[in-house]
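Please open the model in your viewer and keep the selection tool at hand.

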Amino acid sequence: MSVSAQAPTREAALSLMLRQGEITAAQLAESLQVSVQVMRRHLRSLEEEGLVEASPSSEGQGRPSNRWRLTDSGRARFPNGSEHFALGLLSSMTSSLPKGTMEQLLERQASEKACDYRDLIGTGTVPERLERLVELRRREGYVAEFNADPEHNSWVLSEFHCSVMSIAQQFPCVCDQELALIRQTFPDCQVDRVHWLLNGNQACGFRLTPC
């Protein structure tokens with residue numbers, strides 16, 4: 001099956017899971033008029049992308065069958081208007097709050113989120129913690145990776161897709177919050193921005209150099 005032929009089936013499967021909550025591969029196959037084998041291949045592919053997850057379910061006699069549902073990342077593929085709400089809220093806050101208040105609120109949010117990140121990524125070497133952070137960021141909608149930079153004895157965290165890009169375009173202070181977030185998540189490193197999507201680069205990049 002060609003990629004162009006697979007895409008509508010995948011999207012239709014995601015839509016069905018959005019509407020019905022949980023559903024078996026057989027039920028999806030029947031609804032979308034494809035074989036169960038084809039549907040299972042789609043589901044495994046979607047599972048590898050982190051868009052769906054399965055849980056065993058016993059229904060009558062026989063071995064348990066998986067019931068499939070969307071992950072948070074899968075739900076995030078569907079527009080919900082939250083971005084427009086966030087832009088409107090930030091605009092209202094900027095116009096009504098005293099100067100500098102917005103930056104203070106973003107700094108506080110960065111500190112709180114960095115604290116959560118530090119708890120989640122735990123201890124270990126810088127690359128070990130970076131690997132865990134990259135996985136967390138991917139779940140939040142970022143296309144992230146990291147690579148060693150031997151020339152500078154450091155590592156570069158790159159994010160090729162920013163889940164708040166349209167917000168950052170109107171409120172660049174959000175990007176300052178991101179830089180503060182990475183710095184506070186890795187207090188044992190010097191963190192510098194080396195690439196920036198808003199400057200036309202291919203990614204937002206942060207170099208982490210152990211102190």
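Is Glu-159 buried or exposed? Glu-159 is buried, with a relative accessible area of 3%, where buried means under 20% relative accessible area, exposed over 50% and partly exposed in between, with a 1.4 Å probe and protein chains only. The model is a predicted one, in which local features need pLDDT of at least 70 and side-chain atom pairs count only at pLDDT 80 or more, while totals for chains, interfaces and linings use all residues. Residues are numbered from 1 along each chain as its sequence is written, and side-chain values use heavy atoms, with hydrogens and water left out.

Next, select Arg-137 together with Glu-159: their side chains meet in a salt bridge at 2.8 Å, N to O, the term meaning a side-chain nitrogen of Lys or Arg within 4 Å of a carboxyl oxygen of Asp or Glu. The two partners lie 22 residues apart, Glu-159 in strand S5 (residues 154-161) and Arg-137 in helix H7; helices (H or I, at least four residues) and strands (E, at least two) are DSSP runs numbered from the N terminus. Arg-137 is also buried, at 0% relative accessible area. Salt bridges with shared partners join Lys-113, Arg-137, Glu-140, Glu-159 and Glu-178 into one network.

Lys-113 is partly exposed at 28%, and Glu-140 is partly exposed at 32%.

Finally, select Arg-10 and Glu-49, which form a salt bridge at 3.1 Å, N to O.
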